[in-house]
Structure formats: structure tokens, C-alpha cells
Amino acid sequence: MFLEIKGIKKSFGTGDSRVNVLKGLDLEIERGEFCVLLGPSGSGKSTLLNIIGGIDGADEGSITIDGEQLEDMTEKKLSLYRRKHLGYIFQMYNLIPNLTLRENIEVGAYLSDRPLDVDELMHTLGIYEHQNKLPNQLSGGQQQRTAIGRAIVKNPDILLCDEPTGALDYNTSKEILKLIETVNQKYGNTIVMVTHNDAIKDMADRVVKLRDGMIRKNYCNEHKLSASELEW
Amino acid sequence: MKSPLRKRLPRELKSEIGKYLVVLILMIATIGFVSGFLVADGSMLKAYNEGFEKYKIEDGNFRVKKKITKSQRENIEKNGVTLYENFYLEEALDNGSTMRIFKNREEVNLVCLMEGKLPEKAGEMAIDRMYADNNGISVGDTLKSGSKEWKVTGFVALSDYSCLFQNNNDSMFDAVKFGVSIVTPEEFESLDQKKLQYSYSWVYDKAPKNEKQEKKMSEDLMEALGEEVTLESFVPQYLNQAITFTGDDMGSDRAMMTMLLYMIIVIIAFVFGITISNTIRKEAGVIGTLRASGYTRKELIGHYMALPVIVTLIGAVIGNILGYTALKNVCAGMYYGSYSLPTYVTVWNADAFWMTTVVPVLIMLVVNYGILRYKLRLSPLKFLRRDLSGSRRKRAVRLSPKLGIFHRFRLRVIFQNMSNYIVLFIGIIFANLLLFFGLLLPSVLSHYQQDIQSNMLAKYQYMLEVPVSAMSGNKLDSMLELLQFSYGTKTENEDAEAFSAYSLETLPSKYKTDEVILYGIKPDSKYIDADLEDGDGVYISSAYAEKFLLKSGDSITLKEKYEKTKYTFEVKGIYKYSGGICVFMPQEQLNDTFDLGNDYFSGYFSNSKIKDIDGKYIGSVLDLEALTKISRQLDVSMGNMMGMVNAFAIGIYMVVIYLLSKIIIEKNAQAISMTKILGYTNGEISRLYIWSTTIVVIICLLLSLPIEKAVMNVLFREMMLTSISGWIALWIDPKIYVEMFLIGIGTYAVVAILEYRRIKHVPMGEALKNVE
């Protein structure tokens, strides 16, 4: 198994204000799988994503990626882990505001020994002609394409997407989902996507539904749709 | 109802306590020091000015060969003056210095007891407090001069010697090798009366109304004295450096100190301005919401201005408290380190309050109001959309993709923070100027001493004592004096070469009037290697040329000291001599110009000591020690201050860099967090963000050097012109540039370590905040 999550627990706060966000999760994801985490606000899906991404730690349990255990890693090793294995896409893009579109992607490329070709990637993402613009000169969709470019340019094993279409309109959201689908098919990355949008589950290989810090449903999609077929 | 926004202020203060504390400390130190200086300066200046009446300071003094007779005295006093005996004699002490000893004064030039008690019996002496400080003498110690001994009973300040000038013509006072003291009348009588100097002080019966009248009255008195006695010296109060130098100098540092304060306040105001801009960017959503809810721009300006102004006010209050207490003493100590001032009482200084409290708060208000008004000019909607660009969105500067991503990244950080870096550059220039000054002075003085040593006209210059009466007053006396003088000053020493000398002064200007010594040199002189024979012009010393920016072909006009007669000479060349402001011309020409007679001469150059001239004709000997008096005194009076100046400069430098680089890191916290999530290590992130500032700091340090050199050229020149007679050329030891650079880098390294820690502590969660 490529990604193995066992007995993950996580709580925030202390005393009376302590909230148990994750209450012991077990999950396994295959290499190259497209997994969607669904659930209402506060269900713990973003927290789980952050723990997988090594930017937050679990209170209990273990996460193993390609044989490497996260909880044993020092901060430096975690950095190397993220560098080697992960790409991150956020709802609010989080581009570096004083770098151009191209430079934002190159910031990701620098981290890899074998990065994808930046020009080719920008063509694939449809943002080549905007390469010298700063993020504040781009539309939301263009910014999210750039964020995808930055995440996948280093050809990561896992692409973690936290509500990647949350701030976008319907058409742009569909374009972004198509891109993520293309990336998954073209480069074979494992994708874990957190979303509120129930319709997206139809394009996933695996659907995991969370509520109150527990997995309520975990199933594989036998009749998955392509992104262009999705409607909501 | 009061604005509920004010509740944010203590929280903002708490969350940014480091920044506000650093600024507060700098403000307290600056305001405290300047306030202390102004209070001490004002109080001491008041004490100094009141001292003229309180200590009955003379209106002038003159010295004669013999004690004046009763009838001479009556005739002189008919000119509207009262005369007082102020006889003294000088003893060479075993510690190598000269002590001028007076009887305790009871009528004029009264003495202020600073410590201990006044002498009460023979063998006791009260000495000048500053001379004692400089020579490590304590009350109870014994001073020796050969077989003679005096017990030091106390420290005093003689009101007519607030500055220890041994001779009024000296280019600088010397509180190390020269001291003044008082003894009891019986002790005074027991001293070697052959050495007695008949000095008389005079006080006008009707005080002159102004300086012009004072000059006229003194000129009239000098003429009248010339008719009655043979004058050896004549010094009206306004020309007496021992009395006036202190008062002139005390006011002169005021402007510099005030300028220092204002520059620091303006720099801090801009640092606050940048901080505020950063806060506005961070709080755009909040501002948009508040504006949309009905808060006016004025209310928000008031809110964001509150903390900088409060911090300035607190800084001003604490600074002033320190200024009136501990720091006042430090600053007064600096004056006591240079001058023999009497005790003073601290007085309320309205100017100091205005300059150190009102003006800094006003500067802070104006600068921050301007920045806030500009930043908050946008509509609420723009704030809500976080679109703070105001005009059209800025386009990115094109950078070649061939340049590595790290290089481009750093350049982008530099472009992004250009306004911070401009303030940083100004801060670096300012701090480095202070540092430059602190490092410069010791090396300038030591170079000056070396320069003088290697360019002395001769190892010894014997200036024979030409009586003042030979220059003015009774013509017959004058002739006789010169005749006697000429016969009594022959020497067999083969090294000796006679020269003539005559003293004139520069024309009055806004700077100190300089005494210019004109040397009349023999043809084929073995000491002065200049082509003087044609008589078609004069050579001037390099010190003269540098001080007055003169070159060959220029004309110089000089005047008689107490007369209006002027002389103009054409400068034929510059003679390398930094020991004094002098003019060299053929002896014959000098004697002729001043009508001194063909055989007249007034001194000898010699590379060996002349032992066969009667001591009574030797007025002074200019040797290395005498020539380096200026540098020695400057070293004593300013040397201690230099360490403080350096520390202050490093402090300002560190605070400015710390605050601005902190802002840069805070501004980029989200981007830093994102790069961490991407997998960049803290070291790599530091290479991106800290290196950008490092590059700018290095460039600023290097770029600032020529600017600082140019500014220092002007400042140093101005300082020398206003504070000393004579000239010390600015000489910058190249290693000072290296030191400044290294101190700059070293100081920055400390800040960089703090910034590295800050980067390390930026949480990855920062990127997850819902900020666009």
C-alpha cells in the first residue's frame, strides 16, 4: 500500500475547550489513486490533509508513505519528505505575490532533481502567455492553474488539494478539475482532494466521507465520470 | 462614547512588544541624551554668563615689566577704569607641566571652590579642578617643583580661566601641561619674586553697551597705557580666549545635537510609517469592514497613529526625566572634561522641552499622518477586496530566466521592499556618519602629530620676546627696546638661523579669527626650502592653504591685531607645513613691510638646543610638544566621547536594520510559510529572504562610504573652522573604511541571526489562513 493511515487522532485546545477533530482514522490509498475526502465543515478533512502533508502532527497513530513513517521524522526530514513526495494546492492559491507566474512555478521546480519542463507545463496549463505577470494581475482561475503548475512541476508522488475549486466559479472550477484529472492520468500522481462539492466524488477512484472526526463511508467508484461530465 | 477601537491598542502593544520596546529604548536614549545635553548646556551657560557678575570677571588685563607707580595708576584710572593687581608667577612642576600661581583673589576674578578647601597657610595650594583631573591629582596630594612642595587643599575654578590658555595667542588651550592655582599671600611672597609677572586686571567704571563700544574703549585704553607704561601684553576681555572660548564653544554644539535628535526621530517616524503600511495591508479586510460600517477615515487615522505617538510621548517623558537627572550629569561631565567651569544649578529649559518633547511628537504626528492619509485614501470596497494598489496594478520587472530562480527571487524581494531599503539606506548613512566621526578623530589626531613631527620647520623654534611696546605706543621706547633686544639675543650655536616674525590676524568672518605668523626668512635658509628671493610673493603654510582654500596666485589680506591696518600679499607657493597658519617671505621684505629695521630678527630656527641666550628674551620655544598641543587637547576633551558616539551609532544601525528586516519577514510570512510547505528548508528560505537584505546592506554600506566621505569633508571642515584656531586637516586612514564596513556587517550579522530565528518560527499554518 502506498499511503497507509492508522489510528490517527487529533485534538485542538485544552480543558473544556478541547475539541477532538480526528477520533482514530484508518485509511489506505493506492499509488496513482484519485481520492476525494468529503464532509461538512468541522468534520476533520482539512486536518487529515495537513497531517498527511506533514504540516501538522497527529496526537496518536501513524502515517506511512511509500514505506516511510511520518511520525518518526524530525522537522528537517519532514521538509525533505514534502520536498520529495508532496505537491500542495490550496483554495486561496497561496502564490508568492512578488514573483511572476513563471517564477512561482520555478520555485517548485527548484525542489526536484527531475522537474517537468516549465514551458511545456505552462502550455499544458494554458497560462504560457501570462508567464511574466504577477499574481495580482491574474484571474482566480489563472492563479489556481499556476498553483497547480507549482505543485506538479516537481512531479510529486502525492498531490494534496485543499478545496482547489472553493474560490472559483462553475466554469473555472470545471477547467481546474479537468486539469487535475489530466495531471493524474498523465503523470500518475496520487491525488488526495478535500472538497465540499459532492459532485466531485464522481470523478474520484476512492471516496471517503467524514463526519465528526470519523470515517463514515470509504468506497471505490466503479463508474467514475470524467471531469467534463460533472454537473452541479 | 469613546471609540471601542482603543481597546486594541494595549493588545497591539503586547503583540509587538519587541518592536515598540526597541524603538522606545532608542527614543529614550536619544531624547534623554539630547535633553541632558541641552539642560546641562543651558544651565552651565547660564552659570557661565552669570559668572561674569557673580565672580566679578575682569574687563581685560595687561602685563608690564615693572610694577606700576601710584601716579601711573592714577593716570591710567583717569581713563574710566579701575585697576587690580593680579600678579602671578609660573613654576615648572616635576610632573612636566607648568603651574601658574596667583594669590587668592578678593576683588576681581573670584575663585569658585569645587572640592576641598582653599589654602589657609604657607605650603598649601588650591589647583584648577580640570588640571587635577587630567593629571590624576587628588585633594591631599603634594605637588613638587624641585625642592618646593605644596599640599593640594582643594580644587577650584578661576573665573578668568574657564579655558586653560597659557598664552592668549595659543591656537588651543592645554589643560594637561598647564594649570592655574591659588595660594595664600604669605606663600605667594615666599616664591621666587624674580619670576613675578606684573599683570593687572581692569574693570570699566561704566560698562560698555556693546561689543563695538567695548572694542573702542579697549583701543583707547591701550593707547593711553602706551603713554604711561611699557606694555608686555594687552588683552581685553572680548579677545581673552581663557574667558570667552568656553562660552563660544558651549553654544556651538547645540545645533549639532538638535540635528542629531531630529534625524533620529525622522528615521524612526519613517520606520513607523513602513510598519503602519504593513499593518494596513495586513488589516485591509478589517479596515474595509470598519469603513463600510461607518467609521470615518479620520477615526482610523487617529487609531493607527495612536501607538507611535504614545510611544514617542513616553520616550520623551522618560528621556526628559533621565535628561534632567542622570544624563545631565554625563553631559555636564563632558563640559567639565574640557573646561574649568564653576558649579552650576540645573535650570528648567523651555527650549529643551520644546526640542525634545514637542518637536519629536510633532514630527511623528506629521510623518505618520501623511503616510496614513495617503494609505487610507482608498474606498472601503478596495480594502474589502484587498486591492490596495491604488492606481493601475504594477507590472513585474522583466528578469531573464537565465538567471537562477534564487537570484531572481532575491531581486524580487528587493524590488518588493524598495521603500524599506531606502529608509535603511538613509539609516545606514546616518549611523555610519556617527561611526565615521567616532573612528576618525583618534586617527586624524595621531596623523596630525606624525605629520607635524615629519614636517617641522626646525626641531626648535625660539621665539624671542618682542615687547608689545615695540609695536605700539611710545616710539622712542620702541626703538630702544628693539636695539637692546637685537644685542642681547646673539648666539654662537652653529645650527641657529635667525628669522623675523610678525603676527597679524585674518579678517573677521563668521569663523574664529586666526592669528597668522609671518616669518621673515634669510636668503639660502637651511630650514625653509622655498624660492623666496625674488620678493614677488609669499609662501603660505599648507595648513593655511587648506584652511582657507588658497592656492598659488591667490591674494591674502591680513590685518594688525588691534588696529585697522591691512596688508595684502600674493601667494607664490604653498609650503608643506601643517604646524601653524603662517606666511613665509624674505626677512628683508618682512622687516621693511613692518618697519622693523634692517637688522631686526625675532627668533631662531635650530635643530639643537640654544643655551647661550638670556632666558628673559626667550618668549616661547616651539618644539614638537608645543606644536601638538591642539591634538593633545582635542584628544583629552573629545576622546572619551568617541566610544559613546560609536556605541550610539551601532545602536541606531542595529535598531533600524532590525525593525526593517523584521517588517520584511512579517510582510512575507505567508510566502515563507508556503515555501516551507513546498519543502524548502529554513536555510534555503533564509538564503532567499535574509540574503536579499544582506545584499542590500552590503550595497548600502559600500555606496554610503563615498557619500559619508563627502559629508564628513564638509562637517569636519566646519567643525575645525568653528572650534579651533589653527588647522587640523582631515585625514582618513583607509582602514577606517574597512572598520566601518566590518562593524556594519558584524552588527547586521547579529540582526540576521535574530531574523533567521524569526523565519524558523514562521508557522506553516500561516499559509492556510484565508488571506489573498
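Apart from its neighbours within four places in sequence, B:V656 is in contact with B:I267, B:V271, B:L424, B:G427 and B:A431, contact being defined by C-beta atoms, placed from the backbone, that lie within 7 Å. The model is predicted: local features need pLDDT of at least 70 and side-chain atom pairs count only at pLDDT 80 or more, whereas totals for chains, interfaces and linings use all residues. Residues are numbered from 1 along each chain as its sequence is written, and chains are lettered from A and ligands numbered from 1 in the order in which they are written.

B:V656 and A:L37 touch the most other members of the largest nonpolar core, which has 261 residues. Such a core is a set of buried Ala, Val, Leu, Ile, Met, Phe, Trp, Tyr and Cys residues joined through C-beta atoms within 7 Å; a residue is buried if 20 or more other C-beta atoms lie within 10 Å of its own, exposed if 12 or fewer, and partly exposed in between. Helix α7 (residues 241-282) of chain B gives the most to this core, with 18 residues; helices (H or I, at least four residues) and strands (E, at least two) are DSSP runs numbered from the N terminus. A second, separate core comprises 14 residues, among them B:F62, B:I68, B:L225 and B:F234.

Between the chains, 24 residues of chain B are in contact with 26 residues of chain A. On the side of chain B that touches chain A, α13 (405-416) and α20 (669-678) of chain B each supply at least two residues, and α13(B) provides the largest share, seven residues.

Strand β4 (residues 60-65) of chain A is joined to β5(A) over two bridges in the antiparallel sense, and A:T64 stands opposite A:Q69 in β5(A).

Elsewhere in chain A, the loop between α4 (118-125) and α5 (140-152) contains A:L138. This residue is classed as partly exposed because 19 other C-beta atoms lie within 10 Å. Neighbours within four places in sequence aside, A:L138 is in contact with A:L101, A:H130, A:K133, A:Q143 and A:T146. The C-alpha atoms of A:L138 and A:F12, 126 residues apart along the chain, are separated by 36 Å.

Notes. Two strands pair if DSSP finds at least two bridges between them. Two residues are in contact if their C-beta atoms, placed from the backbone, lie within 7 Å.
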